[in-house]
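Hi everyone, thanks for coming. Let's take a few minutes to look at aromatic rings together.

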Amino acid sequence: LVQWTQKHDGPVSLYSYYRKYFWMSKPVIFPGLMWSEMSYLRDRGVTGIGMYSEPGDWLTYELQHYLHARLAADTSQDINALVLDYCLARFGASGATMSRWFWTLSKVTTRSTRLFNIAPDPSEIEQGRELLRSCSVMLRQMQRSCLGNRQHYKLLKRLSIATRVLDKHLELQQFQRNGDRKAIERGIKSIMQIVNRHSNKGLFVISAPHYLSQKGLEKFYNM
């Protein structure tokens, strides 16, 4: 990379994958990793970076898009402050708690073995589900505190749907380890019922027959 930037007269840019179809619209959020990688690239002469988005799961990855834009302009910014800035702008009085919520969620989703291995270690799964339970508690508390603000309440409600689906994916991995095909079938059906019910809320991109679809989930979980 350093040799490219030294020898090439023009700009060197990177097409990033901070949002992937392979994630099946799971809320994969990793502010610290984004800051680290983008700082590394900038320090080595990369002057441009791109990222793609989908309206279907815009809210799921909205923080990623925001951080990508801000860090692309200046990687010296404090990542904690950037996450808080986004949360205060988007969630108002619940912004500080939402910042803690995103950082807690990132502890689940930065462990790729937990999310994308068919049979991760049972302790990995349980730790992830325990963190998601903490996320759910925070969301419920914030929903109760902002009943007077319909916009913020609806945003929190939608994000609770995304985290519920993520928990169901971790549960499917438990079923996979146990070889319980009937439970996997029920779990996939449950996920798709939620996805289809909320397909127009900026949370999910249904990409049949691949990835987030009945056939895509069956393929991923070896059904």
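**Rings and their partners**

Let's begin with a group: Tyr66, Tyr86, Phe91, Trp101 and Phe102 are joined into a cluster by ring pairs. Please keep in mind that this is a predicted model. Across the structure there are 14 aromatic pairs.

Here is one of them: Tyr21 and Tyr52 make a stacked pair, with 5.7 Å from centre to centre and 25 degrees between the planes. Where do Tyr21 and Tyr52 lie in the chain? Tyr21 is in the loop between β1 (13–15) and α2 (31–43), while Tyr52 is in the loop between β2 (48–50) and α3 (62–73), so their pairing ties together parts that are 31 residues apart in sequence. Are they buried or exposed? Tyr21 is partly exposed, at a relative accessible area of 32%, whereas Tyr52 is buried, at 16%.

Now back to two members of our cluster, Tyr66 and Tyr86. Why is the pair of Tyr66 and Tyr86 called tilted? Their ring centres are 5.6 Å apart and the planes meet at 40 degrees, so the pair counts as tilted. Tyr66 belongs to helix α3 and Tyr86 to helix α4 (residues 79–91), so this pair links distant parts of the chain, 20 residues apart. Tyr66 is partly exposed, with 23% relative accessibility, and Tyr86 is buried, with 6%.

Last, let's turn to charges over rings. The charged end of Arg44 sits over the ring of Tyr40, 3.7 Å from the ring centre. Lys26 lies over the face of Phe220, and here the distance to the ring centre is 5.5 Å.

Notes. Residues numbered from 1 in each chain as written. Predicted model: local features only at pLDDT ≥ 70, side-chain atom pairs only at ≥ 80, totals over all residues. Heavy atoms only, no water. Phe/Tyr/Trp six-rings, centres within 6.5 Å; stacked < 30°, edge-to-face > 60°. Helix = DSSP H or I, 4+ residues; strand = E, 2+ residues; numbered from the N terminus. Buried < 20%, exposed > 50% of the residue type's maximum accessible area, 1.4 Å probe, protein only. Lys NZ or Arg CZ within 6 Å of the ring centre and 35° of its normal.
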